[in-house]
Every structure is written in C-alpha cells, then in structure tokens.
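Here is a short report on a two-chain model. Look at the structure first, then read on.

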Amino acid sequence: MTPRAEALLDWLDDRTGFRSIRHVLLDEPLPPGTAWFFTLGSILLVGLGLQVVTGTALALYYAPTPDHAWDSVRFITTEVRLGSFLRGLHHWGASVVVVAAVLHLIRVVGFGSYRKPREVNWIIGIVILQVILAFGLTGYLLPWDQRAYWATVVSINISKLTPVVGEWVAGFLRGGPEVGALTLTRWYALHVLVLPPVLAGLVAAHLYLMRRHGISGPVRERRGTPIEFYPRQAARDLTMAIAVGAVLALLAWKGAPALEPPADPTASNYIPRPEWYFLGLFQLLKYFPGKLEVIGALVVPGVAFTLLALFPWIDRGKSRAWRDRALILGAFAVGLASIVTLTSLGAMDRPSTAATGAWNVQELAGAMLIDTSAQCATCHNAASAIAGPIEAGHIGRPADWLATHVVDPEVIAPGVRQPPATNQRDTAAILAALARLRSAPAPEQDPSTREAAVLFNRNCLSCHLVDGIGGVEGPDLSHVGRKYDAAAMAKRVNNPVDVKPDAEMPAFGGKLTPAQIQTIAAWLAAKQ
Amino acid sequence: MDGSGEDRRTALARFVTVIGGLLTAGVASLVGLVAAPMRLTTPRTWRRAAAPDDLPGNKPLTVVLTARDADGWYETKKQSVVFLDRDASGYRALSATCAHLGCRVKWDDTQAKFLCPCHGGVYDRQGNVLAGPPPRGLERLNVRVNPQTAQLEVEL
C-alpha cells in the first residue's frame, strides 16, 4: 500500500475507528476445537443475506395486485433476463434457509450451547426460526397461483382456531371479507416491509449476544489458546458457503416450480399442498378431527416450541457431554423424528384432485374408456419406451396438458395419430377419470356396469342427472329404479313416445343396439 | 507461531479475501443483470394521425395518438400528443414534449406560439425556440401521406 493510501486510511480510522470494527468483526477469539459444525450459523446468515438480495431484485418486477401478480411473476420467469434463475434462487434459497436454521438448531442442542449464560440468545434463535417460517408463509401467496391462493386460504383458516382472538387474527391476516386483493397487499407488506427489519434486529441481537458470551465450542473444552475467527474459521465458513451455494445454484438453474394456473376461488378439483417445511403441520392436522383440530394446529406446535425454549432451564447440569444429557437429547431426538415422520407422511400423501367419495358415472365411463382404448395402450403400456402405463397416483401432468393430450395426442406425443376419444363426452369422461386417478385407482365394477356407464355418459348424461352429475333438461335418474323396472326403462329408452306421447326425449332405438339399451336399462333399474 | 503456520494463515486469508470477493461480485453482477432494464425505447411505427383536410391551415392541429404498448407484464395505452401542420414545403409533425424537461407544450392562439407551462419555454410555429430554457426546438417527427388510405401518418 502506498504511503499516501496508508495516510488516507489512517485519517479515516482516526475519524471513524473502522479498524477497531474490523478487529471486532474478524479477530473474534474462538475456543480451540471450533470447527465445521460451527459453520452452520454462518450458512444461515449467508442464506438470509441472499434472500434479501434476490428478494429485492424480484421486487423490481413484481406487482402485488390480483390483476397483475401472476402476470408479473410469469414475466419474471419467462422474460426478465436471468429471471427464472433469480426466482429459482429465491424459492430454493428459502428451503436452504429453513434447512440451515434447523441444522444450526440441532447443532446448538447437540453441543448444549443453549446452557447458561446463553439462555436469551437461545430464545432469540427460536424466535428467528419462527420469523423465517413466517417469511415462507407470506412469500408463498405472492405468485397468486392456485397453490399460493389455496395454501393461504388454509393457513388463514388455521389462524381462526386461536382461542378467543381467532376471528380477529384471521380477519387481520385476510384484510377483508375474503382472501383477495387486500390479503395480497397485506402479505406483501409483511413479507417485504415488516418481517425484514424484524429479522434484521433479531439477527443483530443474536450476533451481539453470540459475541458477548463467545462461541460455546466443543462439548468437552480443549486446552490451548483461542484461535481468531479470521482467516481459519472464515475459510471454513466460505468453503461451506461455496458448497451450499453450488447446490442452490444447481437447483435454481432448473428454476422455481412452474407457476400453476392463476388463483381461482371457484376451482373445486384442486387440492392444495403446502411447501415442504409445513407438510409436518399439514399432516398433523389430519389426526385431530372437528373441535380437536386446535390441538394439532396450535397446541402441539405451541407446546413443542415452549418446551424447546425452556431447554436451558430443564437442562441445567454442568457437563455438556451427551451421556450426561441423555434425557433432553432423547426428547429432542423424538421430537425431531416425529417432525421428520410427519413431513414424510405428508409428502407421500399427494392426491392432486379434491374429488372424494364414490366415482360418478362420468368418471367410471372414463376409466372404462382408458382401460379399453387401443389408442391409449399404443404408448401407455408397461413395455412401451414412449410412456408408462396410466396408473393411479402416477399422473402428474396439469389438467390443461391432459386436456390437450387427450384431444390431440399428436401435439404432445408426435406419431400418435388417433385420439382415444372422438366425441366431447368421451373426452370429458376420460379427463374426469384422469383427475380421479391422480389420487386413487378406479373402483372394481362388473363389465355390464362399466359398459352402461360409457353408454350413459355418451348418450344420456347431457340431459339427465345421475348421482349429482349431468344435465337438467330431463328428469333426475338417480333413483329411477324405484319407479321403473328394467323392461319399462328399456321401453322408454327405445322410443319414449310409445310410453308418453308428448315426450321430448329422442328415441334411441335406432342409435343403440337392443343389447346396449338392455344394458343401460338394467343399470338404471338398479338405481334405487 | 512458526513460519509455515504464518504462511498457512496468509494463504487462508488470501483465499477468504479472493473467493469471498468473487462470490460477492458474482451476486452483485446477477443483481445488476436482472436490474438493468431490458428495453428503454419502443420501436417506432407509422400511426394514423389525421386526414389532410382536418388541418385548419391557420394554426397547427393538436392530435392525441393512442397506441397499445407492452409495459412489462402490463399492457398499457400509450398516449402521445403531436402537432400537425402544413406549409409550402409540405406537412410537419412536432412532438408536444418540451425539449427542456418534458412538460407538454400547448399552442396559444393569441400569441401564435407554443408555450410550455412549466419553465416558460416558448417556441414558434415551426418548433424553434424563441425564449426560455429549452436547449433546442421541439422534436420533428416523420410524417407522410399513406398512398393507400390518403391519411396523414406520423412515425412514433
């Protein structure tokens, strides 16, 4: 460094004292034995910093209104230079932050670092974890696609379970009578204006207290002189940052998960799934029906977090060795294992449609058509190199893709000449069945029922209602078997005017074979 | 500390400084690339402005041109004000945007001049600066008569 530059730095140091700041930041004495485990907090810090940077860059293009949020995210993903990578970084970065926070927590528990005199910092750390989860929750809504919308509806409804103030909390989070524009602006404000300074303050306090009490170091204190943070531990931190950054960049290069269709409050065939770090809670809720739900939603997580916060007071021994802390470590391990189990169960449970209960006639018809279609089987068979068999639970394509594919396989699967269905009703049935097949296999039915379903779907459903589906021009046939037997039904289907001179229903005698009419009639007669 | 320890310390310090600097620069350039606007001008196209008979002759005709324009994810209606005029040399189209700081100038009938409402810029009928701070005259836009439609068109 030239003497002149040295003189300038001396002047700056005299006026600001920056060298002492540098000294405070870099020359922190670490207990001997501090090593790789102690990089986890730094990774978390780097991850949070990266979220701030990528989030700010996203905000340059994002519009928090229902009219434009989805469009602006699509614009970011498809048109902004490096936009897909950027969104990928922010999306996967959130997961990196959650993972780093949990690993850091495990490290702190494992090393007993929460012990006196670090109780306050321990609690601050737990609050930071909750703020991180709040970031995840509020950020989730912003793309305003189906996933975002429904996850938010669900989480706001969970907040209603809060005793006494539930309605108020839900109202505050919603900002209006429904989840909509007022919710979006509110969560955007929370995500980008409220939570960041809160987090920054907590992190600053966390770091300050960390420095005040020093790093706890290895479980068994080692002899030797303290080592300065810079450059040895800094190099470890940096190496970890490079490794984690490389994984993150790889994930981000493939982009964030594709945007789903824009938020649609009327969609009935959409089953929302939360981000993976809420899957445990999501799964837990299933075990507490009705009024007990509050236990799964708030009591269990609340008790878990409270117990965690009380660790320094529960575990007050002198030794930090594992065998002296078997109870607390065991309890922590059980808690952790429960979360992992619940999360895995939640992840495995992934139906993609909301349909439940018995399959209706249209869905049954579709299942029959898929099973018997030579066109489908051309590509979808176990031996095929082109596509796997059509199996329940293995249908991941979005509905609009499926709709295109069923109508015109050539578009998506070149070389397939014939679509499986040649009329709209068969197409609709196949799509309805595919939607059901996402979550469950088709029920076993005898062949005549399946054939009747296909015939009814193709010829009758547009006018007649059966089991809640169909047209309303003709009578509801859900319980028609109570009125007519199979012979009477067959007569009506064959030529309605024979039975009722002013009938508007067309005669099917010429269109369907007598055997087909018998099949439909028998099936209808069984509708009690 | 022995010599090799000191060497190791220096090497580590260099590693931290260089790699840390590179990573920071990488993130910064990512942000820079994302933040840099992708398009700052709209490609010009010919827009129908008026019929030649619409020009009053004794003063310029003020025309508001509206065009749909993609503004990021947003489709906007961009409106531009143009003064159409005619003299011995042919048709003339002037932008109504003041050459000083971008206010919208108006034709004043009594003074027969373009006046800027912001900082007192004054232009003559040809768009030349007569008074005030504008550094140059009003922008002259290309104008033509479309042979097919016989309409006046302005390139905007």
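A:Pro117 sits in the loop between α5 and α6 (119-141) of chain A. Helices (H or I, at least four residues) and strands (E, at least two) are DSSP runs, numbered from the N terminus. The peptide bond leading from A:Lys116 into A:Pro117 is cis, with omega near 10°. Another cis bond runs from A:Tyr230 to A:Pro231, with omega near 5°. A:Pro231 lies in helix α10 of chain A. In chain B, the loop between β5 and β6 holds B:Ala112. Phi of B:Ala112 is near 55°, a positive value in a residue other than glycine.

**Model and confidence**

This is a predicted model, in which local features need pLDDT of at least 70, side-chain atom pairs count only at pLDDT 80 or more, and totals for chains, interfaces and linings use all residues. Residues are numbered from 1 along each chain as its sequence is written, while chains are lettered from A and ligands numbered from 1 in the order in which they are written.

The predictor gives the complex an ipTM of 0.72 and a pTM of 0.69. Its confidence in each residue is the pLDDT, from 0 to 100. Chain A has a mean pLDDT of 87, with 93% of its residues at 70 or more. Chain B averages 88, and 97% of the residues score at least 70. Among the elements of chain A, helix α18 (residues 409-412) has the lowest mean pLDDT (64) and α3(A) the highest (96). Among those of chain B, strand β2 (residues 61-71) has the lowest mean (82) and strand β7 (residues 122-123) the highest (96).

**Helix packing in chain A**

Helix α3 (residues 40-59) of chain A packs on helix α9 (residues 181-213) of chain A at an angle of about 160°, with the axes 12 Å apart. That makes α3(A) roughly antiparallel to α9(A). Axes are lines fitted to C-alpha atoms, for helices over the stretch in contact, and angles run from 0 to 180 degrees between N-to-C directions. Angles under 35 degrees count as roughly parallel, over 145 as roughly antiparallel, 65 to 115 as roughly perpendicular and the rest as oblique.

The crossing of α3(A) and α9(A) is left-handed (the near helix is turned anticlockwise from the far one by less than a right angle; clockwise is right-handed). On α3(A), the contact uses A:Leu48, A:Val52, A:Gly55 and A:Ala59. They meet A:Val192, A:Pro196, A:Leu199 and A:Val203 in α9(A). Residues are in contact if their C-beta atoms, placed from the backbone, lie within 7 Å. Seven residues of the contact of α3(A) with α9(A) are nonpolar, one is polar and none is charged. Ala, Val, Leu, Ile, Met, Phe, Trp, Tyr, Cys and Pro count as nonpolar, Asp, Glu, Lys and Arg as charged, and the others, Gly among them, as polar.

Helix α21 (residues 486-494) of chain A and helix α23 (residues 514-525) of chain A pack at about 130°, with their axes 8 Å apart. α21(A) and α23(A) are therefore oblique to each other. Their crossing is right-handed. The contact of α21(A) with α23(A) has ten nonpolar, two polar and no charged residues.

**Where the chains meet**

The contact takes 24 residues from chain A and 18 residues from chain B. On chain A, α3, α4 (69-78), α5 (83-110) and α10 (229-253) each supply at least two residues. α10(A) gives the most, with nine residues. The side of chain A that touches chain B has 16 nonpolar, four polar and four charged residues.

**Strands of chain B**

An open sheet of four strands has the order β5-β6-β7-β8 in chain B, with antiparallel pairing. β5 (106-108) and β8 (129-131) of chain B are at the edges, each with a single partner strand, so one side of each has no neighbour in the sheet. Another open sheet, of three strands, runs β1-β11-β10 in chain B, also with antiparallel pairing. Strands pair if DSSP finds at least two bridges between them.

| Antiparallel pair (chain B) | Bridges |
|---|---|
| β5(B) and β6 (residues 113-115) | three bridges |
| β3 (residues 74-87) and β4 (residues 90-95) | six bridges |
| β10(B) and β11 (residues 152-155) | three bridges |

B:Trp107 stands opposite B:Phe114 in β6(B). A hairpin joins β3(B) to β4(B) through two residues.

Methods
Two residues are in contact if their C-beta atoms, placed from the backbone, lie within 7 Å. pLDDT is the predictor's confidence in each residue, from 0 to 100.
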